[in-house]
Amino acid sequence: MSKLDVKMDKAADKLTVQMAGTIDEDVDFSQFNLSGNQQIDVELAGVKSINSCGIREWIKWMGTAGPAKITFSNCPKVIVDQINMVDGFLPSSGKVNSFFVPYYNDESGAEKNVLFRYGTEYTDSSVTPPEAVKDEEGNDMEMDVIEAKYFKFIKK
Amino acid sequence: MKKRGLSIRYKILLLLTSIPLITLTAYLVLALRIFEDDKIAYVFDSSSTMSGTMAAQIKTQLNAVLGTTKPIFQDYLSQYKFSPVANSIFQNEFNIEDIVVFTQGATGQYEKSAVLEKVPDGANSLLGTLAAQMPLYFAETDANGRVVKVPFHDDRVLIMERVLNDTKTKSTIFMVLVRMSESAEMFRAATSQKLYLISADGTVLFGPEEMPGQKIQSLINPQFLSDTGSKVGQGAETVKAANGADLLVSYAKAGFGDLTVVTTVEKAQALSAVQILIRKSLIFFGVLVSLTVIISLFASSGLTHALTQLFTATKKVSEGDFNVRVDVTSNDEVGSLADNFNLMAAEVSRLLEQTAEKARMESELQTAKTVQETLFPETRAKIGPLAIAGYYEPASECGGDWWHYCQVGNKIFLWIGDATGHGAPAALITSAAKSASTIIEKLDISPAKAMELLNRSIYDVSKGRIMMTFFLASFDLTTGELVYCNASHEAPFLMKKGADVLKKKDLVPLNEVNNPRLGQARDSIYEQTSIQLDAGDGVFFYTDGIPDIQNPSKEAWGEREFIKALIAANKDFPNVSDSVDRFALSFQSHRQGAALVDDVTFFVVKHEGLQ
């Protein structure tokens, strides 16, 4: 049984897809039709994990969208990692609208996911992180990723 | 096997027969006791009735005698001689043989005064015979007013009645000898119950043959004889006879003189019906037990037959024959047991086959593991300036990760890949990759071209069902140039040697090019790029199983700890062996022996300076 919850909302030529859960070998994307849409917005904040079998199914599913313009919103780190690593995970017609960047403070152990939005924190060729990210106690937090690796997809 | 005890068939038989036997025995004992008590009560009741009836009859008869003789007595007392009227009455009473009148003389002794007799000189003959007893009779009559004797131990009864004059100064004793044949015969003829007419001292007046004149104490010594002052006129008691037999004794005082009627019945005789009941009950018991045994045999044979089948079948199972089945058609618990046994045997048989199959597959997997191990290179190597050290641990017998290095001309090719999933299917793909690499190595081509060929090989083998991320690099032994091509694999980290210790910012991901995974499409085009490695620089190649390493609490190691461990292991740019050992130690301390969720593969190369 799939551990992924998918909700689809079609309005005019735009399809909004909300996903939450785990994308693995149990997922059956064939029941979610992407074809016939000009615009597909995929909301990914609820995705917890994805494995290699899930990636295979994802790429096949994205391939069924045809020429539709696809945007990914609120991408968690697990999705950004796959976008960076797996060629085709983000379709050629796809674009990331927003994604989360993990921050942490090594001393306090505080963690926070900061949303980077297209046009605000990043553009097609550059990233402008917030000047300072602080935890609840006001401590400075640092980015919990290898920037050259994590922001790679922006500079493609 | 444990030694068998009593068969369940005999246990059932024993149970079914012992229950009615015990129940009926208890019932019989209880019933017999009640019956015996009831019977004794009945005998006491009937014999008391008999005693009372006989006592009343004796009293009536004796009173009748006195009633007849009373006019004679009065006739005498009116004239102190018998008139012809008195004689006439006497002659008409055939049962009365003699009447003798005694009056007190001057000395106070009784002297014969008058006589009425049926036989001439009969009275004198009577007095002559009783001469010895007469003083005693007079004394008793004086004391009691009336005495009844049977002096000849036959049916003749001697009644002595004392009559006082009006001033009570002179007493006259009338002695009447009367024959009571019917009463004597009744006492004599009694059979099952013995009747005795006794006087106060226990002398038997009437009774069975040989007993008249005897003391009843020679037979029995009932309590009521000793209790002389008792006013109880009738009673019953159990008395042990002189011969040891228990007698049921009842008595009734006649109310005439000191006469008492006693009835005795032998207890054993009275309870003979109980013996009959016992005999009949025993016969009934025998029949019932026999029937129970026969029915039990039939009932138990049906049950034990099925159980015997089950026993035989389980014995065969214990000997290893799991194909045995039990044919029991009953619908009861034993039938269900047999059905369950058959299901169990079938399931065990299936599991055994499955276990054998599993053992065979495990054996094959072990063989595959052994074969796959040959696909991996020596974990420590140094080719020219390039030192190499690696680590590989599959999540199961066979893994989907693979790494390799080889020298082609003046280049060292470095291979690392990760097939979709893990286990045997992924391992087969790594085998295909290894096979392809063996050929590709001989072609002396660029990493990008090599990747294209490798992709076709993987695609042809998996038909798009299993893919592989891959990273292929070639290190030029003479220039130090590293050319690489990535097929959606985790980008290796270049650890650029600086003057200071290694820091996070010194980690450079080799991700300038990326390409589709191997096996995704047959004709994918792969691009490559290059970087320059300087002496001291190292590169860390790995698969994505490393951040996924979990501890026993299922907590993943995570990318942050992974990066920290990588930096810590290489902060002083150690040799590759130390680098691998340190890094492995880091994740093993997190893992704490927990099973891997994915294969773990990494290797480190270090440029140790051109020759």
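Two residues count as being in contact if their C-beta atoms, placed from the backbone, lie within 7 Å. Keep that in mind as we walk through this predicted model, in which local features need pLDDT of at least 70, side-chain atom pairs count only at pLDDT 80 or more, and totals for chains, interfaces and linings use all residues. Residues are numbered from 1 along each chain as its sequence is written, while chains are lettered from A and ligands numbered from 1 in the order in which they are written.

Let's start with a sheet in chain B. Helices (H or I, at least four residues) and strands (E, at least two) are DSSP runs, numbered from the N terminus, and two strands pair if DSSP finds at least two bridges between them. Five strands of chain B make an open, antiparallel sheet in the order β2-β1-β5-β4-β3. Because β2 (110–117) and β3 (146–149) of chain B each have a single partner strand, one side of each is left without a neighbour in the sheet. Within the sheet, β4 (residues 156–164) and β5 (residues 171–179) of chain B pair in the antiparallel sense over nine bridges; there, I159(B) has V176(B) in β5(B) as its bridge partner.

Two helices join this sheet. Angles here run from 0 to 180 degrees between N-to-C directions, and axes are lines fitted to C-alpha atoms, for helices over the stretch in contact. Helix α3 (residues 122–129) of chain B lies across β1 (96–104), β2 and β5 of chain B, at about 70° to β1(B). Helix α4 (residues 134–144) of chain B packs on the sheet and touches β2, β3, β4 and β5 of chain B, its direction making about 135° with that of β3(B).

Now for helices packed on each other. The axes of α1 (residues 8–79) and α8 (residues 272–318) of chain B come within 8 Å and cross at roughly 160°. Angles over 145 degrees count as roughly antiparallel, so α1(B) and α8(B) are roughly antiparallel to each other. Elsewhere, α12 (558–570) of chain B packs with α13 (residues 576–591) of chain B at an angle of about 145°, with the axes 8 Å apart. Among the residues making this contact are L566(B) of α12(B) and F583(B) of α13(B).

Finally, look at where the chains meet. The contact takes 16 residues from chain B and 13 residues from chain A. On the side of chain B that touches chain A, β18 (507–509) and α12 of chain B are the elements that give two or more residues, and β18(B) gives the most, with three residues.

Key:
Parallel < 35°, antiparallel > 145°, perpendicular 65-115°, else oblique.
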